[in-house]
Every structure is written in C-alpha cells, then in structure tokens.
Amino acid sequence: MGGSSRRAHPTTHVGLLLVAVFAAALAVTTMTCVDAGVTSAYRRQLLASVDMPLDSDVFRVPPGRNAPQQVHITQGDLEGSAVIVSWTTADEPGSSKVLYGTSKDKLNKSAKGSYTRYQFYNYTSGYIHHCVLKDLMYDTTYYYTVGVGQTERQFWFKSPPKVGPDVPYTFGLIGDLGQTYDSNITLSHYDSNSNSGALLFVGDLSYADDYPFHDNVRWDTWSRFIERSAAYQPWIWTVGNHEIDFAPEIGETEPFKPFLHRFPTPYKASNSTAPFWYSIKRASAHIIVLASYSAYG
C-alpha cells in the first residue's frame, strides 16, 4: 500500500475493501482470509510531500483533435466477464463507442456507451464517457480503442480467470495516492510489478479538495496521471473523506459529485442500491466494498 498525502491522515480515509477467498463445503459457503505473503518492501517516506505542478509530464494532454484522455477501466459485472471503460473528451462529445477484440489489428466487436458532464462551482467538466464491454472470455487479452472517428487511442487489458475456489491471482493495494512527487514514485513502483492483475483502491484519490474551491482541474490532472496503469487493468474503487466534496459555502451540497460522475462502480451487479456498497468476484477472491462515508450529510 502506498500514498502521498501532504498531511498525515492515516486513519481518516476509511474506504474499506474486504478480501476473502471462498470455498464451498457441501451446501455451506465459508469465507477464509488468506496470507499471501509480502510481495514488496516498498514504503513511502513519512515526510510531507509537494504536489507536482500542472505542467508536469505525467499530466500531459495526449495530442490530437479532441483526443480521449483520463482513460481508466474497472470491473463491469459480478464475476469479471465485463469491464467499464471510462474516458474524457475535452472539446466536444465525440463518439462514446468502443471498438474491441482479441487482436489489436482486428477489433471486431463494438459497444456503445454514453457521456455525462457536471459543474462544480466555477468549473465545468469535459465530456465524461462510460461504456460497458460485456460477455468477455476469461483469461484473455483484449485490445480496445476509444476516440472512434476522431483521434483514436488503443489500450489493452487481460480479463481474469474464471471464478473458482483455488485460482491464484495477484492484486495491488493503494490508498491516499494524491498527485505529489511521492505519488509518482508510488505509482511507478506499482507499475514495476508485472504480476498484479487488478488494483484495489481504498479511498482518497486526487486530493482536489485540498485546493481553493475544491479545484476540479486537479481531478483532470489526477485522472491523466493514473491512466498509465488504470487504462490497462481494473482499478476497483471506493471513496474516502477526500471524495466527499461537500462545500455549501460555495453552493456545492451534493456529496461525492466529481467521483460519481468520473468513476462508476458495478454496484447493481451485486444487487446493491448505491455505488458505495458493492461486491465483485475475481479469480478466487470475493471483494466487498464498504464506504463508511457514504451517508455523509
């Protein structure tokens, strides 16, 4: 687990993910915690860090007319046979279509998504697209293209193995990431581990709320920053206190507005009524997401 917060908040970002391995014994399902061992000795420094400036390379906007940016994926159903692809176009809506397939030179499937926008104080978002790719084969590499008909960008991901009681799988775990120089070190360290197939993000994403008026430009920079990982493997989301974005002093009284527009979760697939409480299955893990701040306000 790594983070970057400018201030020490070791106990306040309580976004909770419970991970268990499940096995069937007769008609009874048991949940057993598993010690998979230590995969890394990395620890971020304890001293406060400084945010990277807006012109940092890691925040750069991709070239091309209305090029898709801030691309990220998450699991799209209960058992890992779907993904939700999300991206933003800055200048105009463009296409919400995704082309995909098992060969990067032959994307023979397509899915149509939709887009949304939001305003937060004096900020207006770009066009935020979400598209679900369904009926994926397990344990298969897929290539996908966004920006169809304008500036196209291609990425890839590997679907998980079929759910089962004894299926090995490696998860990453990050919380309190932010967008400081230490954030870049943390994400680079995570990217160096090629074994991880998905990342569990335990809350406190961009820290945009640390800026005057909850500067939502810092949501854009953060989403471009994580694209190098989140476009290629699912990041499983929960919220922390830094995602509340409740600011009645500037007329913002809808909690979690930026997060909800930008980062969908597959909560309906587990019969949940809210995106802050849900579960997914992936390989031999059943992951339960419980966001303790969801009732804020």
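**Helix packing and nonpolar cores in a predicted model**

**View 1. Helix α1 passes helix α2 in a left-handed crossing.** Left-handed means that the near helix is turned anticlockwise from the far one by less than a right angle. The contact (heavy atoms within 4.5 Å) involves S183, N184, L187, S188, Y190 and D191 on α1, and F225, I226, R228 and S229 on α2. By class, these residues are four nonpolar, four polar and two charged; Asp, Glu, Lys and Arg count as charged, Ala, Val, Leu, Ile, Met, Phe, Trp, Tyr, Cys and Pro as nonpolar, and the others, Gly among them, as polar. The model is predicted: local features need pLDDT of at least 70 and side-chain atom pairs pLDDT 80 or more, whereas totals for chains, interfaces and linings use all residues. Residues are numbered from 1 along each chain as its sequence is written, and side-chain values use heavy atoms, without hydrogens and water.

**View 2. The largest nonpolar core has 38 residues.** Such a core is a set of buried Ala, Val, Leu, Ile, Met, Phe, Trp, Tyr and Cys residues joined through side-chain atoms within 4.5 Å, buried being under 20% relative accessible area with a 1.4 Å probe, protein chains only. F201, W222, W235 and W237 have the most contacts inside this core. Two or more residues each come from α1, β14 (198-201), α2, β15 (235-237), β16 (277-282) and β17 (285-291); helices (H or I) are DSSP runs of at least four residues and strands (E) of at least two, numbered from the N terminus. With five residues, α2 gives the most.

**View 3. Surroundings of W222.** Neighbours within four places in sequence left aside, W222 contacts L177, G178, Q179, F201, L205, S206, W235, W237 and F263.

Methods. Buried means under 20% relative accessible area, exposed over 50%, partly exposed in between (1.4 Å probe, protein chains only).
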